[in-house]
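Biologist: Before I use any of the labels on this model, I would like to go through what stands behind them.

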Amino acid sequence: MLICIKGAGDLASGVAVRLHRSCMDVVMTDLPVPMAVRRSVAFSEAIRLGKTSVEDVDAERAETEDDIKDCLSRGVIPVVTDPEAEIINTLKPDVVIDAILAKRNLGTSIDDAPLVIALGPGFTAGVDCNAVIETKRGHSLGRVILEGSAIPNTGVPGNVGGQTINRLIKASADGIFHPEKNIGDLVRDGERVANVDGVPVYALTSGMIRGMLQDGVHVTKGLKSGDVDPRGRTVDYMTVSDKATAIGGGVLEAILRFNGGLNKINY
């Protein structure tokens, strides 16, 4: 089974790891300059570095269809610079997964593949896609929605360690982002962690930096540019998160549930 995942951030990568381990071929697409903040667990880093690994799964940047085939033959996830995911038209995958997490539909159609799955709000099962996976932390995280939509975006991140909005590191101005701390560093509330063209960016809670944009990214004021986990040094920032694992399980369930009803695919 060939699966194309639109987006290669941390949640998309958690899905990719779960599907790869389930013996499915996975191809991922992302922007030329990826905007993932949890880069230690994001396959989008392959675009910047040429190759990367999340846990025991390897990924490489792929430029051509031959590169994609070569990666898949070696058990490596190819990551393609393809903002519009045009590779779907060439590869004709069995499954397309919209894991951009834009909180709105940026162009995914239920006709993109025999099975189309979308993560989070902005999609309606049966209209934009065949299934939606709930991404909001809580009782319904990872559930497969076959009718209707995910819980609407509240703009407030889930509660972790007693913190919500203060977990976020936000750009202080429009301009070029420059991190001053690294993922995995411990910081204090009010400590300077980055700057945007010299304008300081401060942490709003104490804890461990679990995510940070790469240096040189153009940002707008207020854009999420990183996050601090208030649980501190106990945080494992090098493995797929509990949230990404739950969402990956939901995606896998959706694929297996639809398998019996999609006999037109040559599995």
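Biologist: Which residues have the most contacts inside the largest nonpolar core?

Modeller: They are Ile 5, Leu 19, Met 28, Phe 43 and Ile 97, in a core of 38 residues. Helix H5 (residues 242-259) gives the most to this core, with seven residues. This is a predicted model, in which local features need pLDDT of at least 70 and side-chain atom pairs count only at pLDDT 80 or more, while totals for chains, interfaces and linings use all residues. Residues are numbered from 1 along each chain as its sequence is written, and side-chain values use heavy atoms, with hydrogens and water left out.

Biologist: What makes a set of residues a nonpolar core?

Modeller: The set consists of buried Ala, Val, Leu, Ile, Met, Phe, Trp, Tyr and Cys residues joined through side-chain atoms within 4.5 Å. Another core, of 20 residues, lies apart from the largest one and includes Ala 62, Ile 87, Ala 125 and Cys 129.

Biologist: What does Leu 19 touch, not counting residues up to four places away in sequence?

Modeller: Leu 19 touches Ile 3, Met 24, Val 26, Ile 97, Val 251, Leu 252 and Ile 255. Contact means heavy atoms within 4.5 Å.

Biologist: Why does Thr 29 count as buried?

Modeller: Its relative accessibility is 3%. Buried means under 20% relative accessible area, exposed over 50%, and partly exposed in between, with a 1.4 Å probe and protein chains only. Thr 29 therefore counts as buried. The residue is in strand E2 (residues 25-30); strands (E, at least two residues) and helices (H or I, at least four) are DSSP runs, numbered from the N terminus. Leaving aside neighbours within four places in sequence, the contacts of Thr 29 include Cys 4, Ile 5, Val 80 and Ile 87.

Biologist: Why is strand E13 (residues 192-196) called mostly covered?

Modeller: Four of its five residues are buried.

Biologist: How do you know that E13 and strand E14 (residues 199-202) pair?

Modeller: Two strands pair if DSSP finds at least two bridges between them. E13 and E14 have four, in the antiparallel sense, with Arg 192 opposite Tyr 202 and Val 196 opposite Val 199. Their hairpin has two residues between the strands, and Asp 197 takes a positive phi near 50° there. E13 also pairs with strand E11 (residues 175-179), antiparallel over three bridges, and His 178 stands opposite Asn 195.

Biologist: What makes E14 an edge strand?

Modeller: The open, antiparallel sheet has the order E14-E13-E11-E16. E14 and strand E16 (217-219) each pair on one side only.
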